[in-house]
Amino acid sequence: MAHDNRYVEKDYKVVGSRVKRPDGVDKVTGKARYGADASAPGGLVGRVLRSPHPHAQIVKINTAKAEKLKGVKAVITSADLPDLTNGDQGMAHILENCMARGRALYDGHAVAAVAAIDEQTAAKALKLIDVKYKKLPHVTDVDEAMKPDAPVLHAKMFTRGVDPAPTKASNISARTQMGYGDVDAGFAEADVIVERTYKTEQTHQGYIEPHACLASVNPDGTAELWVTTQGHFTFRNVCSTLLGLDIAKLKVTSSEIGGGFGGKTHVWAEPVALALSRKANRPVKLVMSREEVFRASGPTSSTSIDVKMGAKKDGTITAAVAEMRYQGGAFPGTWAMLGCMTAFACYDIKNNKTIGWDVVVNRPKVAAYRAPSAPMAAFAVESTIDLVAKEIGKSPIDVRLKNVAREGTQAPYGPTYGPIGIENTLEAVKAHPHMRAKLKKNQGRGIACGFWFNIGGQTCVDLNIGADGTVNLSVGTVDVGGARSSMAMIAAEELGISYEDVKTNIGDTASLGHNDTTEGSRGTFSSGMATIFAARDAIQVLKQRAAKMWGIPVEDVEWQDGEAVAIGKMHDNLPALSLKEIAAKAGRTGGPIAGHNEVVADGAGMGFASHICDVEVDPETGRSQIVRYTVVQDAGKAIHPDYVEGQFQGAAAQGIGWALNEEYIYGDDGRLQNPGFLDYRIPVCSDMPFIDTKILEVPNPNHPYGIRGVGETSIVPPLGAVGNAIANATGVRMTHAPMSPPRVLAALDAQDAG
Amino acid sequence: MRYERPGTAKEAAGLLAEEKGQAFLLAGGTDLLVKLKMGMVEPDLVVDIKHMAKANEIQSTAKGFSIGAGVPGARLGEHKALSKAWPGVVEAANLIGSDQIQGRCTLAGNLCNASPAADSVPAMIAAGAKAVIVGPKGRRTVAVEKIPTGPGQTCLTKGELIESISLPKPAPRTGDAYLRFIPRTEMDIAVVGVAISVTLERGVIKKARVALGAVAPTAVLVPAAARALVGSKLDDAALDKLAKACSAACNPIDDKRGTIEYRVRLAGVLAKRAAKIAFNRAGGQS
Amino acid sequence: MSNATLVSTVVNGDAVQFACPTDESLMSALRDRVGLTGVKEGCGTGDCGACSVTLDGQLVCSCLVLGVEAEGKEVETVEGLANGDQLHPLQEKFIEHAALQCGICTPGFLVAAKALLKRNPNPNETEIRYALAGNLCRCTGYDKIVRAVQAAAKDMRNKGRR
Amino acid sequence: MIRVGDGPESIEVGAESVAELMQALLLRYPDLQEHLDRGVAVSINGQIFRDDWTVAIPNDAEVYLIPRIEGG
């Protein structure tokens, strides 16, 4: 059945309220089962041996001693994961990242793995594996890696997007260019031109739950995987390809997920666990240590970005150019391209150009991190806009409003925007009491904007009505932050029943059609759309059953507030039939009542946010403390406001951590110096103030409820907002994030010296 | 790994002395278990000292305080007399890690782990604390500043362990303070730590002890910094001299937690701030 | 299992015996041998607080305690927080205030918050923030967690409960 | 006719659906296959379509091929 995805304004009964989440009790009592909380009969413990070198040839791996150790049931190397990728480069890189093939490309790269009867035996076995390395020169810095004399990681990598195509291999995987207009003419028009170079360090999603899975592969090719993931269907497809399994025979169940933020969209050790299980013919549980998570999962890019911006005295930005260098770790990515797409997306700049360089270095393969690539570009752009505002003597907010993107503005990546909310967020910021609050000594206030896409994609939902009229809703997008509530609310809203009568569960890959991964702020948008459509299908069935019960034509039945109502003069003696009454008779009117929907959820909206940050800087130590913070973001429609606020607050906190202290620190030896929460400093409770939020609702025209994704956008503004606040507190412009105490103090000294 | 829980210090010393393999003491375990987890140590013997007599006691005597080697940080904070006498020492101990860590970590453990950045060690040094060591040859008492000899190394010989830490009874009009710098508000290892204790006579500093952490291979006592204070009412000139002396005493390394330059600079900044707190606690008015 | 030692202890009020290697953490013993997987491992090095339990009433990271140290002691985990089918006020308020998103840190926060309120039934915001600084949460920015603890504290004071 | 843009270059193509558009483009630009394999999304008059090639393209529509986005 074709469904209409267009937005229709309506009054909601359930949507927009603050109900209790269905998984709450399990999660406050310790009953909820996460990746590491499952066990299986005869289960083994899997452990991975990792390269201590950032770049090395693997000359030989001798596993004989480990194999002989009592209690060891399988030892594997890349030989046990033959290349079945059939020319698919992306898949081949995933395979090589899971297990090194003849060369180690970063500190922490997996080189072998064992499965043993217990933790102690597995640890002992790892020590018995003898790996002979030949060390190779390494490079971990993005700018260094681009130099002509840098050690080259991939001998056959020639930069794409360059004409003529290079004949010499380099670490630059691709060049991207975007934008429109004539930037030279734009700069010629400008009264002021500001140019700056920025650097951002590599950060990690920092989810508290390490990667964990329980894999079981049988000799007949059937297999099961219990795993903490953002996308169990994607994991199934990738693992099936890498292991040579049939998709239908690998059942993947997503456990409760203890945070992902993009980091659990990709497979890391799961194919290794499957390969161990296949070899041992026993279930294998593989849980990464925190150190392994930092060294060998997928952090974000470190970057180096040049921005040039020209403006007229009236505040009009006449031209803007950004050249951005993003490292993707040891394998090529498209991270700089995403930087290009997002850098100027909040603004209507007639002449804009972005150039992106995607670069490989000897660091772990970069993965998505909440609005991937956008925060770094926004740090550079939002800082530069404040500099422009200062030069022309206008307020930062007015310069932003003067150039703000609106419906009809052409996005830097091509298309023309439909209705978008960036102007609304800026107006809300301007009117917010926070903007008028008095600042104390050493304090400063900064604002910044941010943009991130929403994506839609393949979605499949099942809605089944029980004999008592309660509803099971099976969705295939993993619930990363309360989505089961939102889906139940949407189903209840459509069916006209109470929230408590709907139970949402996350279906495994064997019981539901394919669903794309929960990424790109798509969960509520996509599964919300499919839930609406599935509920509408179920309503059709309910109407048919009511018609049968009454013995009237289905055309004479309408669905109103959870009831079938017979319409027309001929039937006005018929009392309405509730969903419960119809459900009770389902067995005698044609069997189970259900609604299904399979859809490519298209028309995802755009996410925009503006933030206000107050910071206090200790001039003697360079330490910055966030004293007040406000997030304004367009949600399209907030289904469950608590969890929308929670996304805003969580994203802002991650951005603040990035802005202030979080960074990967590599030594000259190319090894990660701080693979733990002690020295990879994510914000703790006492670092943070309460985070004020304001939800705006500019409906997405391409969703029945107007939903936009809300998960990612608010990690984009904090770096710029904090940098601008520090600049206003101290007079010093920070161009290197994180803006840690030593960097701020050095900048203060340089200011004093200058 | 053999796990033993002796009932006396002497018994513990005997176990350590007899062990041919790698032996470790377990007090709060907040360092040892991390090393176990990371595979940095593979003990043959672990001696849990929390079951030794008096290991969990804080004793108040006429001479001062004796703090058993198993007393966790949280207990120090709850001890009113100790907190009144040596607020700087208690604050320093209470800065180690989270409330969870406070439930376990001990002064003796913090000292014997011999990290240059240990928070409680500079504070103990400034307060003139001593460690009571028991070993195969009996009991000896050593000033805290003499215990660590380098990162992860102490002057304790095979079979020796710290039974308790003793703090003197503070002289009248004595105040102490400890400040450390960390990038966050909690949960970090000190980038720089400064402990100062001063004793006043008629409003003038008569005696002072200044100790620094995280700026040298061990926590260090800085007599030159103390001299900068003695005879002053903590005027700006004295504070500047103090800051200079502290910075001059630094011999730090560049690492993930801070640069040499930053540590040297911060030592001076924190010394001034700590001195003011200690001075006020001693009843001084600057 | 080499070097296994039999440990007799009391967990959430029940006498429990388990055998574990001497170098195994209490966290692993509780999870793998007693079956209390509400005790979460976020780091294994005492930096995240997800494995928080109380040991004879003292809040600790169970990853920094040896299993054998639990001999003769009383351990309380998140599984012991509710009284039968009655959730603890902290559990109620965490749900009510949406103080959890992914929920992996929640058991540790609840155990730590309970220890705080036992010690200080009326903490201010700063005291709550510092008392919970040993518990990392990456989802919420801590906002709703602090509010939930404030609400639970108020509720418990009104009911005269600790 | 449909305008297809990717940055500064625009061309006109006759096609009534995304599938027809792709066929037409591949005839003219065989190198595009590599991009299509990596994944593209199609923007039709500002609305972004990700996977569904059956989507109809109205007359005089503005169409952009943009890279498929990954998110966090």
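**What holds the labels up**

Analyst: Chain A and chain C have 4 salt bridges between them. This is a predicted model, where local features need pLDDT of at least 70 and side-chain atom pairs count only at pLDDT 80 or more, while totals for chains, interfaces and linings use all residues. Residues are numbered from 1 along each chain as its sequence is written, chains are lettered from A in the order in which they are written, and side-chain values use heavy atoms, with hydrogens and water left out.

User: Why is the pair A:D37 and C:K40 called a salt bridge?

Analyst: The label needs a side-chain nitrogen of Lys or Arg within 4 Å of a carboxyl oxygen of Asp or Glu. The side chains of A:D37 and C:K40 meet at 2.4 Å, N to O, so the pair passes the rule.

User: What makes B:K50 and C:E69 a salt bridge?

Analyst: Their N to O distance is 2.6 Å, so the same rule lets them in. The count between chain C and chain B is 4 salt bridges.

User: How do you know which residues of chain A and chain C are in contact?

Analyst: Contact means heavy atoms within 4.5 Å. By that rule 51 residues of chain A touch 47 residues of chain C. For chain C and chain B, the numbers are 31 residues of chain C and 26 residues of chain B.

User: What is the area that chain A and chain C bury between them?

Analyst: About 4100 Å², with 57% of it on carbon and sulfur atoms. Buried area is the accessible area (1.4 Å probe) that two parts lose on being put together, summed over both. On the chain A side, A:V28, A:C685 and A:F690 lose the most, together 20% of what that side buries. Chain C and chain B bury about 2200 Å², 59% of it on carbon and sulfur atoms. There, C:L64, C:E69 and C:Y130 lose the most on the chain C side, together 25% of what that side buries.

User: How many residue pairs are in polar contact between chain A and chain C?

Analyst: 25 residue pairs, both residues at pLDDT 80 or more. A polar contact is a pair of N or O atoms within 3.5 Å; within protein, one must be able to donate a hydrogen and the other to accept it, and residues adjacent in sequence count only if both atoms are side-chain atoms.
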